[in-house]
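These are my notebook entries on a structure that I went through on screen. I record what I looked up and what I found, topic by topic.

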Amino acid sequence: MAELRIGLVGTGGIGRTHIERINTRLQGGVVIGCADVNVDFGKSVAEKFGIKGYDGPEALINDPEIDAVIVTASDDYHAPFVLEAIKAGKPVFCEKPLSPTPEKCREIVEAEMASGKHLVQVGFMRRYDPGYVQLKNMIDSGKYGAPLVLHCCHHNYDDGGVGWKTSMSVENSMIHEIDVLRWLLGENYKKVDVVFPRCSKNASEGCQDPQIMHLTTESGTYIEVESFVFSHYGYDVRCEIVCEEGVLNLPEPPYAMVRTNDARVTPICHDWSERFPDAYNIEFQNWINASKEGRVDGPTAWDGYVAQIAAGCASKARDTQTTVEIDIPEMPEFYKA
Ligand SMILES: NC(=O)c1ccc[n+]([C@@H]2O[C@H](COP(=O)([O-])OP(=O)(O)OC[C@H]3O[C@@H](n4cnc5c(N)ncnc54)[C@H](O)[C@@H]3O)[C@@H](O)[C@H]2O)c1
């Protein structure tokens, strides 16, 4: 296959950035069409990028001209389009979450296994961030001994205008830590609780912010993740891993330090698009390359399912203010490398 011909469903904020990155910066694939539930809007995006605008997602997914599908619609509409792509036998990249419910994720897992082909990748792009990759290599080298404690934080400047609710801190924000820390440590979680510190005056009405999630892994590694959505200073993702023989820190983005106004200032990113551009580029280049070879070598539907089980337990822990045991089923042979 000379070029992977890609169709994108859901032409909102991140969908448009993915079209732009694939068609201007990456190689071996091109987005040739897009669709949105708002047909006129989808067609206006298509016109802007000089690609085909479809009357609906199903027409796009089943068009023989389309080799592979990207799903960047709103969370609740991921599953139907992923299932449609599996039915059509096409590789499908789905932005996180695979689906908001573990049950729907399981349905996707079952459909993919029944198809007999590895088709689904989930958009947990932090696994491609060069900083997280460094941490993974350091842990896997064994040089620093076993990881014992992780201190992580995920701060946003504000909610970016989406109308944040208390539930979203686990489901939309800390879901990234749930996936990337499981990948870093190479093991599943056993239990979780979520505590509510004093609430910020800047939190939207009725919303608890910040929140702190505590996870314990199967081997007993202890993790705390602080989510502070209305931090009012920037987009700041941190990860410190205390190992038996060293402490590993996620590198900060390489901004130049400025001396000004009686201060030394190093800027902090404002939002996700500034913080992880390399991760998105590497993620999609890998996806294009692997899709052309009929492989999935990124986060799988199983990873999306397991993340949603853990997130569901964290949500229950938050709502009941109790510690909840996390029961992850045995990974099927199909997903073992
Ligand atoms: N990996 C990341 O870091 C990251 C960052 C941002 C967003 N996301 C995910 O990407 C997805 C999109 O986020 P966004 O910020 O672009 O949201 P958005 O609201 O800007 O865009 C969503 C688009 O989907 C369309 N849509 C909704 N229902 C649809 C349907 N049934 N059929 C077709 N189109 C439909 C909407 O009209 C809209 O254009 C979300 O699932 C979000 O969680 C991931």
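**Entry 1: helices on the sheet**

Which strands does helix α7 lie across, and at about what angle does it run to β7? I looked this up in the model, which is predicted. I found that α7, residues 168-185, lies across β7, β8, β9, β10 and β11. Its direction is at about 150° to β7.

I then turned to helix α6, residues 130-141. This helix lies across β7, β11 and β12, and it runs at about 10° to β11.

**Entry 2: the order of the strands**

I next traced the sheet itself. It is open and has 7 strands, in the order β12-β11-β7-β10-β9-β8-β15, with mixed pairing. At the edges I noted β12 (246-249) and β15 (324-325), each of which pairs on one side only.

For background, I noted that the strands of a sheet pair through backbone hydrogen bonds, in either the parallel or the antiparallel sense.

I went through several of the pairs:

- I found 4 bridges between β11 and β12, which run antiparallel. The two strands form a hairpin with 2 residues between them, and Val-242 stands opposite Val-247 of β12.
- I counted 8 bridges between β7 and β11, again in the antiparallel sense. Here Pro-147 stands opposite Cys-243 of β11.
- For β7 and β10 I noted 7 bridges in the parallel sense. His-151 has Glu-224 of β10 opposite it.
- Strands β8 (residues 189-195) and β9 (residues 211-217) run antiparallel and are joined by 6 bridges. The partner of Tyr-189 in β9 is Thr-217.

**Entry 3: the ligand**

How many residues surround the ligand, and which are the closest? I recorded 23 residues around it, the closest being Ile-14, Asp-36, Asp-75, Glu-95 and Tyr-280.

I then looked at individual polar atoms. A side-chain N or O atom of Asp-75 is 2.5 Å from an oxygen atom of the ligand. A polar backbone atom of Gly-13 lies 2.9 Å from a ligand oxygen. For Gly-12, I noted a distance of 3.4 Å between a backbone N or O atom and an oxygen atom of the ligand. On its own the ligand has 850 Å² of accessible area, and the protein covers 78% of it.

**Entry 4: backbone exceptions**

I kept in mind that most peptide bonds are trans and that most residues other than glycine have a negative phi.

Where do the cis bond of Lys-96 to Pro-97 and its proline sit in the chain? Omega is near -5° for this bond, and I placed Pro-97 in the loop between β5 (92-94) and α5 (102-115). I found another cis peptide bond between Asp-209 and Pro-210, with omega about 5°. Pro-210 belongs to the loop between β8 and β9, the two antiparallel strands of Entry 2.

For positive phi I noted Asn-261, at about 45°, although this residue is not a glycine. Asn-261 is in the loop between β13 (258-260) and β14 (263-265). Is Asn-261 buried or exposed? I recorded it as exposed, because its relative accessible area is 71% and the cut-off for exposed is over 50%.

Gln-321 also has a positive phi, about 50°, and is not a glycine. At 45% relative accessibility, Gln-321 counts as partly exposed.

**Entry 5: Arg-127**

Arg-127 lies in the loop between β6 (120-122) and α6, the helix that lies across β7, β11 and β12.

I then listed what surrounds Arg-127. Leaving aside neighbours within four places in sequence, it is in contact with Val-133, Asp-179, Val-180, Arg-182, Trp-183, Pro-299 and Asp-303. Asp-179 is 52 residues away along the chain, and I noted 8.6 Å between the C-alpha atoms of Arg-127 and Asp-179.

Technical notes. Residues numbered from 1 in each chain as written. Predicted model: local features only at pLDDT ≥ 70, side-chain atom pairs only at ≥ 80, totals over all residues. Heavy atoms only, no water. Pairing = 2+ DSSP bridges. Contact = heavy atoms within 4.5 Å. Axes fitted to C-alpha atoms, helices over the stretch in contact; angles between N-to-C directions. Near = heavy atom within 4 Å. Polar contact = N/O pair within 3.5 Å; in protein donor to acceptor, adjacent residues only side chain to side chain. Areas by Shrake-Rupley, 256 points an atom, 1.4 Å probe, with all protein chains shown as cover. Buried < 20%, exposed > 50% of the residue type's maximum accessible area, 1.4 Å probe, protein only.
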